[in-house]
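Biologist: Could you please take me through this structure, one topic at a time?

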Amino acid sequence: MIEISNLRSGQMLEPSTHVERMPVINPATAEIIATVPVGTAEDVDLAVVAAREAFPIWSGLPASERAACLHRLADLVDANVDELARLETDDNGKPLALARDLEIPRAASNLRFFAGAILHTKSEAYDLGGMGLSYSLHRPRGVAACISPWNLPLYLFTWKVAPALATGNTVVAKPSEVTPLSAFRFSQLATDAGFPPGVFNVVHGRGDVVGQRLVEHPDVPTITFTGGTSTGARIAATAGPMFKRTSLELGGKNAVVICEDADLEAAMPTIVRSCFQNQGEICTCGSRILVHRDRMKAFVSRFLDSVAGLKVGDPLDAETDMGPLVSADHRDKVEAAIARGKAEGGTLACGGGRPTHLPDRVKDGFFLEPTVFMGLDQDSRTNQEEIFGPVVTIQGYDSHGEAVDRANATPYGLACSIWTRDLERAHRMAARIESGMTWVNAWMLRDLRTPFGGMKQSGVGREGGEEALRFFTETRSITIAHPG
Ligand code: TXE
C-alpha cells in the first residue's frame, strides 16, 4: 500500500496520522492500492509561501542552470520508466504498453523540450529611427498553479510544470486525486534533481478544496488547468475578477470527417485508435464520425470489423487495446450516456455493455465495450455532450458544406480529423472547421512546438512551444529615447 505525501520546500512531507486520507483504487481490479492525503487550504497556503520565497532565487538563475535541473529530472524519469508506467497503469487503467512506450517517455520529452526551448528564446527590438529604441522583456510571473486531470496523468502534469519552471516561475502543482501515483513518484524524483527548495511543490487533494484554494490564492497570478468544461467555467469565474492569467484546456466533441475519397484501408487503424485509445478518455479523441454517404456502407463495415478486433482486458497484457475506465463513477457516467443514446433513438451498431469473459485478475474492473451508435440526430445530447469514454456515433452527410456545418454544430471546438486524398479540399475544410487543432489523414501527430488547445467551450489559450513560453511570462516593453 503506497502512502502518498506532498512535496514542499524540497522535502517529501511525512504522512501524518492527523491527516485525513482517501483511497486510490486500481480500476482494473477495484482494489485499494494507495491512500492520498486530503489536502487543506492551509497546505496550499504553506506551499505558496514556499514557492514565493523560492521565486527570486529560481528566476534569478541563468536559464542554463534551470535547464540543467530539468534535464536531470528527465533523466530520472527515463531511468524509472518501467516503474512510472506501472504506477500509471495501476492508477488509471490504461494499457501498460501505452504508458511505457508513449506517455512516460513523453513526460521526459516535455521536460527536455522546454529545457532546450528556454535557451533559444529571443526578445524583440524596434528601431524608432532617429527617435530611439523599443525592446521587450519576457519575465516569469511568479507562482504558477498547475492543475492536471486523470486521463494522461504524468504526460499532462509535465506538459504544464515543464514550461512553468523553464521560464523561471515556481510551481504549486495539484494532480488529479483520482490518479495521484505517478505525480507522487515524480515529486520524489524531483527531490533528487537538484531544484532549489520551494521551486516545485505538489499538494494532493480534492479539486474543490486544494484546486479551489490555488485558484483563489492572491499570490498565485498564473493558472494552467486541464479538465472538464464546467470546472473550467468555475475557475474562470474565480480567476477573472482577480485578473489572473489562465490557460484552460477543456473538453471536446471531436468530429472525424470521412470524405468520399478517403483511403479507408490505410486509414482505418488510426481512425479506430482516434476513437478508442486510452478507452476514449483523451480530450482529442474522435467521438462523432461524419461519413460521406457514398462511402457509408464501405466505411461502416470496415470500421465495425476493426472495432470487433479490439481486445478489452487486463491492461498488463501486451495484447490489450483497451483497459478499464478510470473509476466506477466514471463508468456509471458513461453507462448513463449510453442509456440516454438508446432513449434518444440511437441504434447500437456494437458494444453498449460490460465485457464478459474477463481474466480472473480483472473480473471486478470497471470495463466497458467499445460502443458505436448510429441513427442519432446532430442535436441529440449524445452528439452534443462530451462523454469521455469508448462511445462514438456515426452520421452521414451529402456535401462537404454539410460536413463542415455538422462538425461545427456543438458548443465545443477542440480537435478534428479529416480523411481525404484531395489536398485542396482538406485545406478548405480545415480552415472552416471551428477547431483548435485539425489533423488531415492523421490523429495526434504531435510536435511539441505546435500550439495545443481549443476554441468555444473547449478552452481559452494555447499550450505548447512558443505559446507556453509566452503564457508563463509577462511581456514588458521598454522604450529609450535617442540622446538629443
Ligand atoms: O474533471 P475535473 P473530472 C472532462 C470529462 C470528464 C469531466 C469530469 O468529460 O467526464 O471532465 O471529469 C481539479 N478548482 N475531462 O470531474 O473535476 C481536479 O481535482 C480547481 C476532460 O475528473 O475538471 C483535477 O485535478 N481545480 C479532460 C482537475 O481539476 C479543480 C480531462 C480536473 O478535474 C476544481 C479530464 C476547482 N473547483 C476530464 N474542481 C480533458 N480536457 O482532457 C476540480 N478540480
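Modeller: Glu103 is buried, with a relative accessible area of 2%. Please keep in mind that this is a predicted model.

Biologist: How many salt bridges are found in the whole structure?

Modeller: The search finds 28. One of them joins Arg112 and Asp75, at 2.8 Å from N to O. Arg112 belongs to helix H4 and Asp75 to helix H2, so this pair ties together parts 37 residues apart in sequence.

Biologist: Are Arg112 and Asp75 buried or partly exposed?

Modeller: Arg112 is partly exposed, with a relative accessible area of 29%. Asp75 is partly exposed as well, at 45%.

Biologist: Which residues are linked in a network of salt bridges?

Modeller: Glu260, Asp261, Asp422 and Arg425 form that network.

Biologist: Changing topic, how much space lies in the largest pocket?

Modeller: About 990 Å³. Its lining has 37 residues, and Trp150, Phe225, Gly227, Gly228 and Thr231 lie nearest the centre.

Biologist: What classes of residue make up the lining of the largest pocket?

Modeller: The lining has 14 nonpolar, 15 polar and eight charged residues. Helix H7, strand S11, helix H8 and helix H11 each supply at least two of the lining residues.

Key:
Residues numbered from 1 in each chain as written. Predicted model: local features only at pLDDT ≥ 70, side-chain atom pairs only at ≥ 80, totals over all residues. Heavy atoms only, no water. 1 Å grid on protein atoms, 1.4 Å probe; cavity = no way out; pocket = protein on both sides within 12 Å on 5 of 7 lines; lining within 4 Å. Points joined across faces, edges and corners; volume = space filled by probe spheres on them. Helix = DSSP H or I, 4+ residues; strand = E, 2+ residues; numbered from the N terminus. Nonpolar A, V, L, I, M, F, W, Y, C, P; charged D, E, K, R; others polar. Salt bridge = Lys/Arg side-chain N within 4 Å of Asp/Glu carboxyl O. Buried < 20%, exposed > 50% of the residue type's maximum accessible area, 1.4 Å probe, protein only.
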